[in-house]
Amino acid sequence: MNVKLLPNDDVTNGWSAIAPARKVHASASGKHDYDWLIIGAGYAGLAAARRLAEMHPEQSIAVVEAGVVGDNASGRNSGFAIDLPHQVGHPDVDAGLRYARLSRGGIQYLENSVIEHNIQCDWLRQGKYHCAVSEKISNKLLRTDLNLLDQMEEPYEWLSGEQLAATTGLSHYHSGVYTPGTALLNPAALVQGLADNLPQNVEIFENSAVISLVSEPVIKAVTSQAEFKAKRLILAVNGFADQFGYMKNRLLPFVLFASLTKRMSPEQQHLLAGRPSWGITPALGTVGPTLRRTVDQRLLIRGGFAFSPSFRCSETKRRHFKEMHKNILAQRFPTVAKKLELEHFWMGWLTMTGNGAPGFGKVGDNVYCAVGCGGVGIARQTAAGIAIADLASGDDSQMVSDMASLGEPCALPGRPIIDLGVNAYLLKEKLSGRVEA
C-alpha cells in the first residue's frame, strides 16, 4: 500500500514554540528489523511503546514519526486531559463509568510519567469549567450533563454567570459546571517529554514519514531513506489510518484553529482578575471557543471547526479564523484585549467517527490499530495506546475490555456525499447555536 497523503503541518504551533528546547531524534536510514513497529508518535503510539517495553523488556520496539514530535496533532490541541465523558452525546451510566475509568487510567499514567521524568509541561490537576453562553444551551446541554454526573456520583459545582465572572474574570457566560479531575498542560511539551524518556529497548525516529506499507506475509514499512521489517505493527496515526489501508470510510478529520497571546503584564493580570489559571470548554463544542489562562499568563483561544478530509487548509481560511480569534479576544477579554496581541496562531487536526466509537483493535494479521481520538486524545488515546499494547500481547486487561465496550466505528458514505452531510450538520449547529460563538 503506497501512502498518497502525508501530514503537512505548518511550523507555527504556539505550544512547541514556548516549550523547553530539545534535540530532535534522528530520521531513519538503512534497513532495520524489530519485534514491534509503531507508526505515529502521538499519545497512543508513545503509550503503546512504553507499555510494550514494560511487558517485553527483551524485545525491540521502533516508533516512526512522520514529522517532529510535538508539532503533530498531539501537540496542537488545547491542553486538556479530560477525565469524564465530554461531548460524546449522553451515554448511560455504565458507559459513562467505563469512559471515566479509561480516561483516568490515561491521566494517571501521564501524571506518573511527568513526575518520574520531571517533564516540564505545566501539568496541573486543576479541573475545568464547561460553560454555556445562553440559558437555552445551558438548559439543553449542561443540565443533561448534571443528570449523568449525579447518576455516576461524580463531584461537581454548578456556577452562575456571576460566579464564573468572579472565578475567571469573564462576564460572557450564563452558567457552567466545574469538575475537578481534568489536568491542564502544554501538550507539545508533554508529548516531547514522553518521547524523550522512553525505555532503552525503544528507538524513535522523527521526520521519517512512511510512504509504503506491506503487512502480509511480513510487515515492511518504507520511508524515503529506510526500510523497517517487524513481527507486529501498531498503527497510531489517527485520521491517516485509511492511507495505510485500514478504517476505510470510518474516519472524519476536522481542522481546528488555536491562538496564544503574549504574556500578560502584571497590570493586565490585575485587570482580568479571577484565578491565576483556568480552562473553559464550550457546552456546544462545534460553535463555542475553548479558552484558557495559562500558568505563564497567556490566553489561549481555540475556535473554528471545519471538515477537512484533505488534511489541508487554505491561507484564506487561516486568515478568516485568525480574525475570528481577534474578535473573540476583544469580546471575551475586553479589559485586556486592546494591549494584548496574538503571538501564535496555528491549526491542527482531530479525528472523529460517525458514532463516536474509536478505531481500536486487531485489523489484520499481526496488525493493530488505535485511532479516532474524538477530540479527547490526551487522556483517551493514552489509554488506547496502553490497551492496544495489552491486546497485541494477549493480555485481556480491564483497559482492553473498556475500550472494546465503546464499540466500532460505523461505515460512512464516500465523498462527496459525506462532505455534503457533515458540512450541512455543521452549518445547522452554527446557525442554531450562534449565540455561543
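1. The lining of the second largest pocket comprises 11 nonpolar, seven polar and five charged residues; here Ala, Val, Leu, Ile, Met, Phe, Trp, Tyr, Cys and Pro count as nonpolar, Asp, Glu, Lys and Arg as charged, and the others, Gly among them, as polar. A pocket is an open set of points on a 1 Å grid over the protein atoms alone, where a 1.4 Å probe fits, with protein on both sides within 12 Å along at least five of seven lines; lining residues have an atom within 4 Å of a point.

2. This is a predicted model, in which local features need pLDDT of at least 70 and side-chain atom pairs pLDDT 80 or more, while totals for chains, interfaces and linings use all residues. Residues are numbered from 1 along each chain as its sequence is written, and side-chain values use heavy atoms, with hydrogens and water left out.

3. Helix H8 (315-332), strand E15 (299-307) and helix H11 (417-432) each supply at least two lining residues of this pocket (helices are DSSP runs of H or I, at least four residues, and strands of E, at least two, numbered from the N terminus). H8 gives the most, with eight residues.

4. The structure holds zero disulfides, a disulfide being a pair of cysteine sulfur atoms within 2.5 Å. The sulfur of Cys369 lies 12 Å from the closest cysteine sulfur, in Cys373, and is therefore too far for a bond. Cys369 is buried, at 0% relative accessible area (buried means under 20%, with a 1.4 Å probe and protein chains only).

5. Thr223, in the loop between strands E10 (219-222) and E11 (226-235), is buried at 5% relative accessibility.

Definitions and conventions
Buried < 20%, exposed > 50% of the residue type's maximum accessible area, 1.4 Å probe, protein only.
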